[in-house]
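This report describes selected local features of one protein model. The sequence and structure are shown first, and the commentary follows.

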Amino acid sequence: MTILLAANALGLGAVWTGVYPMDDRVSAVSKAMKLPETILPLCTIVIGHPAEKPQPKDKWKPENVSYNEFGGKDQ
């Protein structure tokens with residue numbers, strides 16, 4: 001998470017991207033990075049200059065917070 005925050009602080013965009021267990025992604029990353037067969041990529045972090053600057057989304061929902069008990073919707 002720190003690298004994502006650091007990139008943002010530098011005015012860059014960054015996103016954590018899952019690779020494993022999708023075989024097509026594992027193969028593509030392994031090939032692009034020229035990884036030996038003994039190395040299995042789990043994820044990548046893509047960093048670059050953002051094309052736009054969208055406003056942050058407000059995802060706060062007080063009903064999703066529980067204290068000292070499980071408060072899931074499927075309970």
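Pro21 lies in the loop between strand 1 and helix 2. In this predicted model, the peptide bond that joins Tyr20 and Pro21 is cis, with an omega of about 15°.

## Ser30 in helix 2

Helix 2 spans residues 23–33 and includes Ser30. Ser30 has a relative accessibility of 17% and therefore counts as buried, the cut-off being under 20%.

The side chain of Ser30 reaches the backbone oxygen of Val26 at a distance of 2.8 Å. When residues up to four places away in sequence are left aside, Ser30 touches Leu35 and Pro41.

## Lys34 in the following loop

Lys34 is placed in the loop between helix 2 and strand 2, the latter covering residues 43–48. Although Lys34 is not a glycine, its phi is positive, at about 55°. Its relative accessible area is 74%, so Lys34 is classed as exposed, for which the cut-off is over 50%.

## The largest pocket

The largest pocket holds about 430 Å³ of space. It is lined by 16 residues, of which Asn8, Leu12, Gly13, Ala14 and Pro50 are the closest to its centre.

Helix 1 (2–9) and strand 1 (13–18) each contribute at least two residues to the lining of this pocket. Strand 1 gives the most, with 4 residues. By residue class, the lining of the largest pocket comprises 10 nonpolar, 4 polar and 2 charged residues.

Technical notes:
Residues numbered from 1 in each chain as written. Predicted model: local features only at pLDDT ≥ 70, side-chain atom pairs only at ≥ 80, totals over all residues. Heavy atoms only, no water. 1 Å grid on protein atoms, 1.4 Å probe; cavity = no way out; pocket = protein on both sides within 12 Å on 5 of 7 lines; lining within 4 Å. Points joined across faces, edges and corners; volume = space filled by probe spheres on them. Nonpolar A, V, L, I, M, F, W, Y, C, P; charged D, E, K, R; others polar. Buried < 20%, exposed > 50% of the residue type's maximum accessible area, 1.4 Å probe, protein only. Polar contact = N/O pair within 3.5 Å; in protein donor to acceptor, adjacent residues only side chain to side chain. Contact = heavy atoms within 4.5 Å.
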